Amino acid sequence: MNRPVPTFEGASCADSPVLKERGQHEVFCGLTSIIWLHRKMPDAFFLVVGSRTCAHLLQSAAGVMIFAEPRFGTAILEEQDLAGMADAHDELDREVAHLLSRRPDIRRLFLVGSCPSEVIKLDLSRAAERLTKAHAPHIQVVNYSGSGIETTFTQGEDACLAAMTEVLPAGDERQLLLVGSLPDVVEDQALSLIAEMGITPVRTLPARRVEDAPAIGAGSRFALLQPFLGDTALALERRGAEMIAAPMPFGEEGTTAWLRAIADEFGVSDEVFERVTAAPRARARKAVAAKAERLQGKSVFFLPDSQLEPSLARFLSRECGMTPLEIGTPFLHRGIAGPDLAMIPSGPVLSEGQDVERQLDRVRAARPDLTVCGMGLANPLEAEGLATKWSIELIFTPVHLYEQAGDLAGLFARPLDRRARIAGLAS
Amino acid sequence: MKLSVWTYEGPPHVGAMRVVTGMKNTHLVLHAPQGDTYADLLFTMIERRDHRPPVTFTTFQARDLGSDTASLFKDACLEAYERFKPEALLVSASCTAELIQDDPGGLAEALGLPVPVVALELPSYQRKENFGADETFFQLVRTLAKPMDRTDAPSCNILGPTGLGFRHRDDVVEVKRLLADLGATVNTVAPLGASPADIASMGRAHFNVLLYPETGEAAARWMEKNLGQPFTRTMPIGVGATRAFIDEVNGLTGVIAAADDSHLRMPWWSQSVDSNYLTGKRVFIFGDGSHALAAARVAKDEMGFDVCGIGCFNREMARPVRAAASELGLTALITDDYLEVEEAISEAQPEMILGTQMERHIGKRLGIPCAVVSAPVHVQDFPARYSPQMGFEGANVLFDTWVHPLVMGLEEHLLHMFREDFEFHDAAGPSHHGHSSAPAAPATEVVEPAQIAAYGDGNAIWLADAEKELKKIPFFVRGKARRNTEKFATDHGVAEISVETLYEAKAHYAR
């Protein structure tokens, strides 16, 4: 098999030691993933059982409130819920009944645990069971935790998909399952590339509508679209499915390697693979090259945010000519990030977790050309003269696969481009 | 338990963050899980601050809960003190840490730090952001401020401006200018821009200017009682309130001075004939209590609007807002439920909303123009230009920002004159404000005399002539005319809407 796995002399990051840090974390909690999950599933409502802080986080992270009644909300715990004056379960049933009566379009209800609901040990799985019975068969109720004491940012999607996996029907049909919620336009590109290679049937998790939920079993092979889906992968394996390990489909090289792994699993010939991928590969290379000019030879420092960091570092170092100085990630899943890390020559510091003050000291000492960080840190670093790319955009913008490879490079190039354009402003 | 989709206020610890982020040489250690660090971005992104808020989060995780979250908190305090060397350290817990009851105050006290430690009790499950800011500032003042000799010349402190405050940055500048004209020296502005040392010297002032009751009233009352400093009651928003504020300050300094109003244009702008069209515009006002009250006064007495609805989201201000509403012959809407506000606005059918960013979105959906007069803040509320709400320049700013969402006076007359011209087909719409969300029929549509059509969920049907007449009404008020007519028809049991019904309804609602 002529796999296009590129090689280099010497060790790769897959063997690098990991700097584990345990201090102040500056990352979102898993609730944030509701912002993109609810858009992926237009028949779902996400009900956070939490505090005013949870509601405020969702509102602040969403940035805009273009929906009068969004398909997410927070059941805010009040003093009486905590003091035991009101049975929280009765209260929850009442709020859910009220919500569902207002929103007949809702077919899936996610009860999302939060920090306060975890600490008071409010059993949402019991609530989900009870509510499923009460509202069957029209509505499926699933619970998971998006709490900040259990999950960071993208782990919220992982927890959600893992919980969904538990309630998928069983089926041993041989099928390909694409796992991870991408914007529909990108998901459709993936489906069409795979269909052109003759692989069928192909299903997605999450499915856009509840009735399209895949059956799962020993015949299922799955490929992750996002690197942060470790628990979901485990849950799928428990149901008999097998993972197709691959680098993540970012950039021309990553997308090709990802598709190649799928093609190999399903016995697609080299000729077919070549025919299907040649044109989009060429387009992607060209698009990346146009943006990468500004990134060539520049250094980049990743602060932990989404677990996308190893994959993005691989893309930037191999396709855009950048030098990663530190690859920080909130949680490093060796099994999933391994194929990406194996493609990065050793050198950068690999760090997991965070002690934000110490990490910022390292940023200031290294003075990278570009720092990838969260929104709380970006402007302060810019004010110190360091160019930044806020990482949340890498999650909210379509960046996967061939047709978005140029856009992905563009996201990193734009801050540098901007600084160059308005350089005369600095006094 | 209460379902919330959008909130007007954050939790109380965000209020505490607004106080310390506005200040200098102060640090807050917050016992909180990692998710709570999202609040940093409010300051760095919305307010575009070039520094991180001076806040350390302990970011405890589930695995810490079984072991020792208390020592995690103590370590965070020590490290924060070592790294930032603040003049005062504040400690508190966010909603989750409140549940694990680690007693941040006691733990921090036991560390024996060489600076004042202020422990904040912020009941997350009862109170909200404004309370958090008010309480934090009050506790700081109570701990740090002491009675001391007064300055020789009349002087005052300005109380209430915070980080992430609605136009606080520019209001402070404008009010300082006013006070300078009036011969009152400003001793300390706090919390915004103050250090703990500045707060400690607040006792030197003769009186206090309470700029924002929401975030400064508890401190003002305590200082009145314990430092003998009276405080001003008028928020100088609008021409009349600014003049009343000047009188109040003159009363406190004992010197009758006038403020320079040579740059005040608002009265003439409101008196000039172009503003005739503003007369009797029905406005719905919603915001924090003090800004809603101020907006009502300006709307009624200075812009010549009719206030058709008023309310606030902070229950603490319910009493004065209810009183003002009853003077206007209205019932105040006191709620933090966004859907209730949307319903009330939809019911009142105002021609304009004076609200918050939340009402701006409501207005977009309902096709009603909106000017923003109150927190909660949005990146648009931190403009690059100088844009106060208070004082004489503030009055100028109010006139502009309230009028711009409306169709301009002369332009409205021209639109009316040319409404039948083909360039003014409905789809063109006005370019500078949201137009009716209801899709209007194309102007070229030929209505057959016999053709009748039913609209909406009302029972009445529109006769063709009435439908044709409706089209002659300018598009920016047509939706309202249609709704009013249908409501009139339903209320009066009219099954078919004729041209006559249309004008009867017009007369009915014009009364």
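**Ground rules**

I number residues from 1 along each chain as its sequence is written, and chains are lettered from A, with ligands numbered from 1, in the order in which they are written. Since the model is predicted, local features need pLDDT of at least 70 and side-chain atom pairs count only at pLDDT 80 or more, while totals for chains, interfaces and linings use all residues.

**Entry 1: domains**

I looked up the domain bounds, which come from an automatic or database domain assignment. Chain A has domain 1 (13-25 + 285-426), domain 2 (30-151) and domain 3 (175-265). I noted 25 Å between the C-alpha centres of domain 1 of chain A and domain 3 of chain A. Their contact (C-beta atoms, placed from the backbone, within 7 Å) takes 27 residues from domain 1 of chain A and 23 residues from domain 3 of chain A. On the domain 1 side, H12(A) gives the most, with seven residues. By class, that side has 15 nonpolar, six polar and six charged residues. Here Ala, Val, Leu, Ile, Met, Phe, Trp, Tyr, Cys and Pro count as nonpolar, Asp, Glu, Lys and Arg as charged, and the others, Gly among them, as polar.

Chain B is divided into domain 1 (12-129), domain 2 (145-253), domain 3 (266-400) and domain 4 (452-510). I found the C-alpha centres of domain 3 of chain B and domain 4 of chain B to be 29 Å apart.

**Entry 2: where the chains meet**

I then checked the contact between the chains: chain B supplies 45 residues and chain A supplies 52 residues. On the chain B side, H2(B) gives the most, with five residues. Helices (H or I, at least four residues) and strands (E, at least two) are DSSP runs, numbered from the N terminus. The chain B side has 18 nonpolar, 16 polar and 11 charged residues.

I also found strand pairing, for which DSSP must find at least two bridges between two strands. Strand E3 (residues 72-76) of chain A pairs with E1(B) in the antiparallel sense over three bridges. In E1(B), B:Leu3 is the bridge partner of A:Ala75.

**Entry 3: strand E5 of chain A**

I asked which residues cover each face of E5(A). A:Gln140, A:Val142 and A:Tyr144 lie on one side, A:Val141, A:Asn143 and A:Ser145 on the other, and all are buried. Buried means 20 or more other C-beta atoms within 10 Å of a residue's own, exposed means 12 or fewer, and partly exposed is in between, with C-beta atoms placed from the backbone. Six of the six residues of E5(A) are buried, so this strand is largely enclosed by the rest of the structure. Strand E4 (residues 108-113) of chain A pairs with E5(A) in the parallel sense over six bridges. A:Arg108 stands opposite A:Gln140.

Because 10 of its 13 residues are buried, H13(B) is largely enclosed by the rest of the structure. Among them are B:Ala292, B:Ala295, B:Ala296 and B:Ala299.

I looked up B:Ile285 next, and found that B:Ile285 touches those four alanines, among other residues. A nonpolar core is a set of buried Ala, Val, Leu, Ile, Met, Phe, Trp, Tyr and Cys residues joined through C-beta atoms within 7 Å. In the largest one, of 259 residues, A:Leu47 and B:Ile285 touch the most other members. Another core, of nine residues, lies apart from it and includes B:Phe488.

Methods. Two residues are in contact if their C-beta atoms, placed from the backbone, lie within 7 Å. Lists of a residue's contacts leave out its neighbours within four places in sequence.
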